[in-house]
Amino acid sequence: RLVAGSGTQTIFGLEATIQILVGESDEGEEEYIYLTGQIISALTNGVASFGGSLALTGGWYNMFGQKFFHLNNAIASVTVIPLPAPPFVSPQSVLFGASICVGAEDLCKLGSSEVFSL
């Protein structure tokens with residue numbers, strides 16, 4: 001992609017979604033989570049940067065087998081600029097986020113006020 005404005009930016013990247021088996025439901029059905037990842041290399045006004053992100057699509061209920069712990073819409077992203085000397089990279093951006101719900105799965109899916117959410 002080439003973007004024109006106050007400068008020039010060229011971006012090359014790769015995006016993929018993977019499915020991970022995380023366990024079985026009480027009914028014996030396999031449960032999966034879906035992660036979408038990106039790896040990006042950019043050149044903006046002659047400055048190179050590299051980054052990547054990983055995002056949870058949907059939710060992971062009963063996380064790690066815990067019936068009261070649920071995770072939704074999680075994301076982790078980092079972009080760095082390479083340097084010629086140690087530490088060899090400089091962080092350009094860092095992002096972490098998620099919605100965590102502690103309570104019964106049904107209540108967390110409905111967004112009830114009877115559960116503790118972060």
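Which residues make the nonpolar surface patch of about 270 Å²? I found that Leu21, Tyr32 and Tyr34 make it. I noted the rule for patches: they are made of residues with over 30% relative accessible area and no salt bridge, with like charges joined within 9 Å and nonpolar side chains (Val, Leu, Ile, Met, Phe, Trp, Tyr) within 5 Å. The accessible areas come from the Shrake-Rupley method with a 1.4 Å probe, and for residues only the protein chains shown count as cover.

**What I am looking at.** The model is predicted, so I wrote down that local features need pLDDT of at least 70 and side-chain atom pairs pLDDT 80 or more, while totals for chains, interfaces and linings use all residues. Residues are numbered from 1 along each chain as its sequence is written, and side-chain values use heavy atoms, with hydrogens and water left out.

**Layout.** I listed one helix and eight strands in the chain. Along the sequence the pattern reads β-β-β-β-β-β-β-α-β. Helices (H or I, at least four residues) and strands (E, at least two) are DSSP runs, numbered from the N terminus. Of the 118 residues, 19% count as buried. Buried means under 20% relative accessible area, exposed means over 50%, and partly exposed lies in between (1.4 Å probe, protein chains only).

Tyr32 is partly exposed, with a relative accessible area of 31%. The C-alpha atoms of isoleucine 40 and glycine 13 are 4.1 Å apart, although 27 residues separate the two along the chain.

**The largest pocket.** I read off about 280 Å³ of space in it. Two or more lining residues come from each of β2 (8-24), β3, β5 (59-60) and α1 (105-110). By class I noted seven nonpolar, five polar and seven charged residues in the lining. Here Ala, Val, Leu, Ile, Met, Phe, Trp, Tyr, Cys and Pro count as nonpolar, Asp, Glu, Lys and Arg as charged, and the others, Gly among them, as polar. A pocket is an open set of points, on a 1 Å grid over the protein atoms alone, where a 1.4 Å probe fits, with protein on both sides within 12 Å along at least five of seven lines; lining residues have an atom within 4 Å of a point. Grid points are joined across faces, edges and corners, and a volume is the space filled by probe spheres set on the points.

**Salt bridge.** How many are there by the rule? I counted one, the rule being a side-chain nitrogen of Lys or Arg within 4 Å of a carboxyl oxygen of Asp or Glu. Glutamate 105 pairs with lysine 109, and their closest N and O atoms are 3.0 Å apart. The two are about one helical turn apart because they are four residues apart in helix α1. Glutamate 105 is partly exposed at 22%, and lysine 109 is partly exposed at 49%.

**Backbone.** Most residues other than glycine have a negative phi, and most peptide bonds are trans. Asparagine 45, in the loop between β3 and β4 (47-57), has a positive phi near 50°. Asparagine 62, in the loop between β5 and β6, has a positive phi of about 55°. Asparagine 45 is exposed at 54%, whereas asparagine 62 is buried at 14%. Proline 86 and proline 87 are joined by a cis peptide bond with omega about 15°. I placed proline 87 in the loop between β6 (69-82) and β7 (89-102).
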